[in-house]
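Please look over the model below before reading on.

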Amino acid sequence: MPYREKIAWLSLIAMAVTFGPYFAFAAAPGGGDRLPGLHLLVPFGTAAIAQAVLLGLGHWFLRRRSPLDARMPLDERDRAIDRRSVTLGYYALIAGMILVGVVMPFNAEGWSIVNAALFAIIIAEVVHYASVVTSYRLQS
């Protein structure tokens, strides 16, 4: 498995493990719709810090395990995969932000909008990394 595919898998797993529980908590009844009820900041901060720690440890582990692969420059295939996956992630982000910024202000408020924006960002990253994994899998 190429090093960059391993990094994409690591990122997908870290997002699922950290932000999956956050969104489950936020979506639960009483999870919070009103601002300035800042009670969702603690779970969000915990999820963000946990993701950073998981990614940091994962990068460190993968780098120590295969230092030559980690230092290898991008080739044409890696650049093409990166371009395609960033483009798909960008489209997902724009669609989410249109929903959050244009549609939701008319029928939602507070934490619903905040969590929808965060969810759009996470979905864009999932689309990006899933596209990386899929591209490497299809080319193998």
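The predictor's confidence in each residue is given by pLDDT, on a scale from 0 to 100, while helices (H or I, at least four residues) and strands (E, at least two) are DSSP runs, numbered from the N terminus. This is a predicted model, in which local features need pLDDT of at least 70 and side-chain atom pairs count only at pLDDT 80 or more, whereas totals for chains, interfaces and linings use all residues. Residues are numbered from 1 along each chain as its sequence is written, and side-chain values use heavy atoms, with hydrogens and water left out. The mean pLDDT of the protein is 91, and 94% of its residues reach 70 or more. Confidence is lowest in helix H3 (residues 67-71), at a mean of 91, and highest in H4, at 96.

The secondary structure consists of five helices and zero strands, so that the order of elements from the N terminus reads α-α-α-α-α, as follows from how the DSSP runs are numbered. Along the principal axes, the C-alpha atoms fill a box of roughly 50 × 30 × 20 Å. For accessibility, buried means under 20% relative accessible area, exposed over 50%, and partly exposed in between, with a 1.4 Å probe and protein chains only; by this scale 34% of the 140 residues count as buried. Contact means heavy atoms within 4.5 Å, and among contacts between residues at least 6 apart in sequence, 82% join residues at least 24 apart.

Helix H2 (residues 41-65) has 25 residues and spans 36 Å from its first C-alpha to its last, which is close to the expected 36 Å at 1.5 Å a residue, where the expected span is 1.5 Å times one less than the number of residues. The buried residues in H2 are Ala-47, Gln-51, Leu-55, Gly-58 and Leu-62, and the buried residues of this helix pack against H1. H4, with 28 residues, reaches 40 Å between its first and last C-alpha, again close to the 40 Å expected. In H4 the buried positions are Asp-78, Ile-81, Ser-85, Gly-89, Ala-92, Gly-96 and Val-100, and what covers them includes H1 and H5.

Ala-16 has its place in helix H1 and counts as exposed because its relative accessibility is 51%; its C-alpha lies 22 Å from that of Arg-84, a residue 68 places away in sequence. Asn-115, which lies in helix H5, is buried because its relative accessible area is 10%. Leaving out residues up to four places away in sequence, Asn-115 touches Tyr-22, Phe-23, Ala-26 and Leu-40. Ile-113 also lies in helix H5, yet Ile-113 is partly exposed, because its relative accessible area is 22%. In the loop between H2 and H3 lies Ser-66, which counts as buried because its relative accessibility is 13%; beyond residues up to four places away in sequence, Ser-66 touches Tyr-3 and Lys-6.

Where is empty space left? Rolling a probe the size of a water molecule over the atoms shows this. On a 1 Å grid over the protein atoms alone, a cavity is a set of points where a 1.4 Å probe fits but cannot get out, and a pocket is an open set with protein on both sides within 12 Å along at least five of seven lines, lining residues being those with an atom within 4 Å of a point. Grid points are joined across faces, edges and corners, and a volume is the space filled by probe spheres set on the points. The largest pocket holds about 160 Å³ of space, and the elements that give two or more residues to its lining are helix H1 (3-27), helix H4 (76-103) and helix H5 (111-139). The largest share of that lining, four residues, comes from H5. The lining includes Arg-4, Asp-78, Asp-82, Val-132 and Tyr-136. Arg-4, in helix H1, counts as partly exposed because its relative accessibility is 25%, and its contacts, not counting residues up to four places away in sequence, include Asp-78, Val-132 and Tyr-136.
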